[in-house]
Amino acid sequence: TRYVAVVNLKGGVGKTTITANLAAAMVNSGQRVLMLDLDYQESLTPLCLRGQTLVDVRRNRREIAEVFRNPG
């Protein structure tokens with residue numbers, strides 16, 4: 001298992017963008033990826049979850065574990 005952390009105390013430096021693009025590149029190369037969004041703005045979450053899935057997760061109607069099992 002390898003861990004990659006993208007961290008910086010300053011806002012607006014591209015942490016979310018780098019994280020999303022790095023994860024996409026790793027997935028495209030056949031690797032399994034788990035991203036954790038620990039930023040209080042939760043900017044990474046809407047990049048990865050769309051539509052009703054995002055609404056359901058935010059309203060606690062759907063657990064993240066269920067999203068992984070059944071993304072539709």
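What share of the contacts in the protein chain with a separation of 6 or more is accounted for by residues 24 or more positions apart? In this predicted model, such residues account for 17% of those contacts. The protein chain contains 4 helices and 0 strands, and the order along the sequence is α-α-α-α. The C-alpha trace extends over about 30 × 30 × 20 Å along its principal axes. Of the 72 residues in the protein chain, 15% are buried.

The protein chain has a mean pLDDT of 83, with 96% of its residues at 70 or more. Helix α1, which covers residues 15-28, has the highest confidence, with a mean of 92. The lowest confidence is found in helix α4, residues 64-69, where the mean is 72.

Leu-22 is located in helix α1 and has a relative accessibility of 34%. Because buried means under 20% relative accessible area and exposed over 50%, Leu-22 counts as partly exposed. Its C-alpha atom is separated by 9.8 Å from that of Val-33, a residue 11 positions away along the chain. Val-27 likewise belongs to helix α1. The relative accessible area of Val-27 is 45%, so this residue is partly exposed. Between Val-27 and Leu-38 the C-alpha to C-alpha distance is 21 Å, and these two residues are 11 residues apart in sequence.

Helix α3 spans residues 51-58. Its buried residues are Thr-53, Leu-54, Asp-56 and Val-57. These residues lie on the same side of α3, because they cover an arc of only 165 degrees around the axis. An α-helix has 3.6 residues a turn, so residues three or four places apart point the same way. After α3 comes Asn-60, and the phi of Asn-60 is positive, near 60 degrees.

Helix α1 supplies 7 residues, the largest share of the lining. By residue class, the lining of the largest pocket comprises 17 nonpolar, 11 polar and 6 charged residues.

Methods
Residues numbered from 1 in each chain as written. Predicted model: local features only at pLDDT ≥ 70, side-chain atom pairs only at ≥ 80, totals over all residues. Heavy atoms only, no water. pLDDT = per-residue confidence, 0-100. Helix = DSSP H or I, 4+ residues; strand = E, 2+ residues; numbered from the N terminus. Nonpolar A, V, L, I, M, F, W, Y, C, P; charged D, E, K, R; others polar. Buried < 20%, exposed > 50% of the residue type's maximum accessible area, 1.4 Å probe, protein only. Arc of directions from axis to C-beta. Contact = heavy atoms within 4.5 Å.
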